[in-house]
Amino acid sequence: MGNALRFSRRSVLKTMTAAGGLGALGAGLPWMPAMAKTLVIGFLYVGPRDDYGYNQAHAEGAAAVKAMPGVKVLEEEKVPETIDVENSMESMINLDGASLLFPTSFGYFDPYVLKEAKKHPDLTFLHCGGLWTPGKHPTNVGSYFGYIDEAEYLSGIVAAYASKSKKLGFVAAKPIPQVLRNINSFTLGARSVDPAITTAVVFTGDWSMPVKEAEAANSLIDQGADVLTCHVDSPKVIVETAEKRGVFCTGYHASQATLAPKGYLTGAEWNWAKVYTDFVKMVQGGIKPPNLVRGGLKEGIIKTSPYGAAVSEAARKHADDVKAKFMDGSFVIYKGPIKDNKGNSVIAEGKSHGQTDIALESMNWLVEGVTGSIS
């Protein structure tokens with residue numbers, strides 16, 4: 001659904017409200033929640049569903065939900081992180097009878113999801129981002145996210161085997177903890193293969209900046225990087241630039257393999273299909289979803305892209321061996337001694353931070369081997 005439908009819904013809402021309110025006019029109508037015979041679920045995306053990235057990954061999850069019995073799925077794309085998302089959720093609730101909503105973008109949470117949840121305490125709002133806090137946020141709100149840096153670590157291993165220049169390039173949006181964690185995990189994975197490898201980072205300043213992303217990718221390649229990766233909403237421009245320039249790449253969010261048939265090595269992907277179908281089964285079974293869901297490879301919340309043709313047998317074996325340790329819970333990425341790229345000790349020898357350690361949620365440093373600055 002696009003903007004036109006969103007506005008048409010708003011027009012209906014305005015007309016009905018003027019005529020006496022939804023409560024009075026809606027009673028007994030087939031599209032109202034009380035009469036719904038199926039579970040109506042709303043998905044909202046900040047960008048296009050076919051962006052080869054963040055939004056596509058969520059849309060693939062929604063597609064898995066569509067295949068489930070007893071559900072009706074609503075989707076709205078290109079909804080900005082403004083009051084528009086609040087209005088879109090209202091229309092899904094009041095016009096379509098949605099009782100389970102997945103507002104997928106990080107910036108939707110505060111204040112928009114929180115306001116809607118307080119307004120509709122009998123409905124369920126599940127937000128992507130891991131921001132729910134007990135005692136602070138409504139109990140009909142949930143939050144889910146994954147330890148995708150595990151797959152980034154594996155991508156770093158594969159990238160190291162493919163690199164001849166020992167220079168990797170990373171195009172990132174903003175230096176927030178989640179992004180820094182991906183950059184650092186990717187670099188630690190690469191340097192576990194060869195400690196001489198470095199990762200040059202360029203921050204574009206926002207999640208979707210195609211022109212700046214292309215400029216950053218070209219600049220990194222011009223500086224000698226022969227493998228590129230990224231953390232932006234849509235890796236499409238970066239992956240296509242890498243393929244055009246004849247260098248390798250690893251993907252993020254969803255698979256971009258079709259965009260770079262020669263250079264795509266692997267990627268860190270979300271497995272939202274499992275997360276969303278699990279949530280829907282809970283709601284259908286009368287079970288209240290957990291307020292906070294996290295997990296990595298072991299829990300099936302993230303996955304890796306299939307290896308490309310350019311990935312050597314040695315790289316596959318190394319990455320697969322580490323992946324098996326992630327799966328059995330025995331591998332720790334952040335195990336000391338670890339220094340930042342300014343030479344400071346950030347994790348002392350003998351100390352480690354497992355994936356669930358809250359200390360990693362406030363990461364504010366770049367690991368040794370990364371060229372770049374967060375200030």
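In which sense do β1 and strand β3 pair, and over how many bridges? The legends below begin with the answer.

This is a predicted model, in which local features need pLDDT of at least 70, side-chain atom pairs count only at pLDDT 80 or more, and totals for chains, interfaces and linings use all residues. Residues are numbered from 1 along each chain as its sequence is written, and side-chain values use heavy atoms, with hydrogens and water left out.

**View 1**
The pairing of β1 with strand β3 (residues 100–103) is parallel and runs over four bridges. Two strands pair if DSSP finds at least two bridges between them; strands (E, at least two residues) and helices (H or I, at least four residues) are DSSP runs, numbered from the N terminus. Within this pairing, Gly42 stands opposite Leu101 in β3. Six strands make up the open sheet, in the order β2-β1-β3-β4-β5-β11, with parallel pairing. At its edges are β2 (71–76) and β11 (292–295), each of which pairs on one side only. From one strand to the next, the twist averages 15°, where axes are lines fitted to C-alpha atoms, for helices over the stretch in contact, and angles run from 0 to 180 degrees between N-to-C directions.

**View 2. Aromatic pairs.**
Rings of Phe, Tyr and Trp (its six-membered ring) pair if their centres lie within 6.5 Å; planes under 30 degrees apart count as stacked, over 60 as edge-to-face and the rest as tilted. By this rule there are 16 aromatic pairs. In one of them, the ring centres of Phe43 and Tyr276 are 5.0 Å apart and the planes stand at 80°, so the pair is edge-to-face. Because Phe43 belongs to strand β1 (residues 39–44) and Tyr276 to helix α10 (residues 272–284), this pair ties together parts that are 233 residues apart in sequence. Both Phe43 and Tyr276 are buried (buried means under 20% relative accessible area, exposed over 50%, partly exposed in between, with a 1.4 Å probe and protein chains only). Another edge-to-face pair joins Phe170 and Phe186, with 5.8 Å centre to centre and 75° between the planes. Phe170 lies in strand β6 (residues 167–172) and Phe186 in helix α7 (residues 177–191), so the pair ties together parts that are 16 residues apart in sequence. Phe170 is buried, at 0% relative accessibility, and Phe186 is buried with a relative accessible area of 0%. One aromatic cluster includes Phe43, Phe102, Tyr144 and Tyr276.

**View 3. The largest pocket.**
A pocket is an open set of points on a 1 Å grid over the protein atoms alone, with protein on both sides within 12 Å along at least five of seven lines; in a cavity, a 1.4 Å probe fits but cannot get out, and lining residues have an atom within 4 Å of a point. Grid points are joined across faces, edges and corners, and a volume is the space filled by probe spheres set on the points. The largest pocket has a volume of about 500 Å³. Its lining has 29 residues, and Val46, Tyr54, Trp207, Ser208 and Asp233 lie nearest the centre. Two or more lining residues come from each of α3 (54–66), α8 (210–222) and α9 (236–245). The lining has 13 nonpolar, nine polar and seven charged residues; Ala, Val, Leu, Ile, Met, Phe, Trp, Tyr, Cys and Pro count as nonpolar, Asp, Glu, Lys and Arg as charged, and the others, Gly among them, as polar.

**View 4. The largest cavity.**
One cavity of 30 Å³ or more is found. The largest cavity holds about 50 Å³ of space. Among the residues that line it are Ala151, Leu154, Thr266, Tyr307 and Lys323. Helix α6 gives the most to this lining, with four residues.

**View 5. Backbone features.**
Most residues other than glycine have a negative phi, and most peptide bonds are trans. The peptide bond from Asp110 to Pro111 is cis, with omega near 15°, and Pro111 lies in helix α5 (residues 109–119). A cis bond also runs from Gly336 to Pro337, with omega near 5°. Tyr52, although not a glycine, has a positive phi of about 60°; Tyr52 is placed in the loop between β1 and α3. His253, in strand β9 (residues 248–253), has a positive phi of about 75°.
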